[in-house]
Amino acid sequence: MKICIICQKDVEGKSAIPVKEDQIIGTIRAVKQFFHIAANNELYVCEDDVQVHLERRKSFERSLIFFGVLAAIVVLLLIGNMLLSGRFDIFAFISAFVIGAFILLFALVFKYAPAIEKTPSLVGKPSLPLELEELDKEEKPQEKKVRKR
Ligand SMILES: [Zn+2]
């Protein structure tokens with residue numbers, strides 16, 4: 001089924017923006033398939049929910065930066081503390097990174113909102129219109145500008 005990730009409704013025949021399949025979605029899918037609970041839906045954001053989704057995406061990006069900085073500080077503190085004590089403990093060294101990874105995972109699991117394509121398309125059409133392919137070429141420099149901000 002083709003569903004909207006915000007309202008969970010079927011978007012067949014409606015105007016909706018496809019969700020970019022990334023590694024996180026791939027991982028969630030693989031986990032679900034392992035437990036045999038995969039729905040194998042195609043993911044979209046319907047036009048009515050675009051604003052809601054963009055807010056969630058922004059909030060996710062902000063919390064990822066926040067937790068990323070937090071994780072880095074925790075790892076540095078733990079390793080710094082170990083070095084100050086004068087003893088190199090490989091177990092403490094590894095657990096510092098594991099703790100850091102868990103902090104990042106926390107942000108991912110509870111806040112994750114995937115990226116979406118730039119342009120809505122009518123769901124159910126087999127091929128993309130020509131304009132979309134042109135937009136795709138211009139997309140990359142634009143993305144860089146957004147990330148610098
Ligand atoms: Zn929706």
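**Exercise 1.** State how many helices and strands the protein chain has, and in what order they occur.

*Solution.* The protein chain of this predicted model has four helices and four strands. Along the sequence, their pattern is β-β-α-β-α-α-β-α.

**Exercise 2.** What share of the contacts joins residues at least 24 apart, and what share of the residues counts as buried?

*Solution.* Step one takes contacts in the protein chain between residues at least 6 apart in sequence; 76% of these join residues at least 24 apart. Step two turns to burial: of the 149 residues, 7% count as buried.

**Exercise 3.** Describe helix H1 by its span, its cover and the residue that follows.

*Solution.* H1 covers residues 23-34, which is 12 residues. From first C-alpha to last, H1 reaches 16 Å, close to the 16 Å expected at 1.5 Å a residue. His36 follows H1 and has a positive phi, near 60°.

**Exercise 4.** Is Phe93 buried, partly exposed or exposed?

*Solution.* Phe93 belongs to helix H3, residues 90-111. It has 14 C-beta neighbours inside 10 Å. Being buried takes 20 or more, and being exposed 12 or fewer. Phe93 therefore counts as partly exposed. Leaving aside neighbours within four places in sequence, Phe93 is in contact with Ile79 and Met82. Leu83 is 10 residues from Phe93 in sequence, and their C-alpha atoms are 9.8 Å apart.

**Exercise 5.** Which stretch has a pLDDT below 50?

*Solution.* The mean pLDDT of the protein chain is 83, and 83% of its residues reach 70 or more. Over residues 142-146 the pLDDT is below 50. Beyond near neighbours in sequence, this stretch has zero contacts in the model.

Technical notes
Residues are numbered from 1 along each chain as its sequence is written. This is a predicted model: local features need pLDDT of at least 70, side-chain atom pairs count only at pLDDT 80 or more; totals for chains, interfaces and linings use all residues. pLDDT is the predictor's confidence in each residue, from 0 to 100. Two residues are in contact if their C-beta atoms, placed from the backbone, lie within 7 Å. Helices (H or I, at least four residues) and strands (E, at least two) are DSSP runs, numbered from the N terminus. The expected span of a helix is 1.5 Å times one less than its number of residues.
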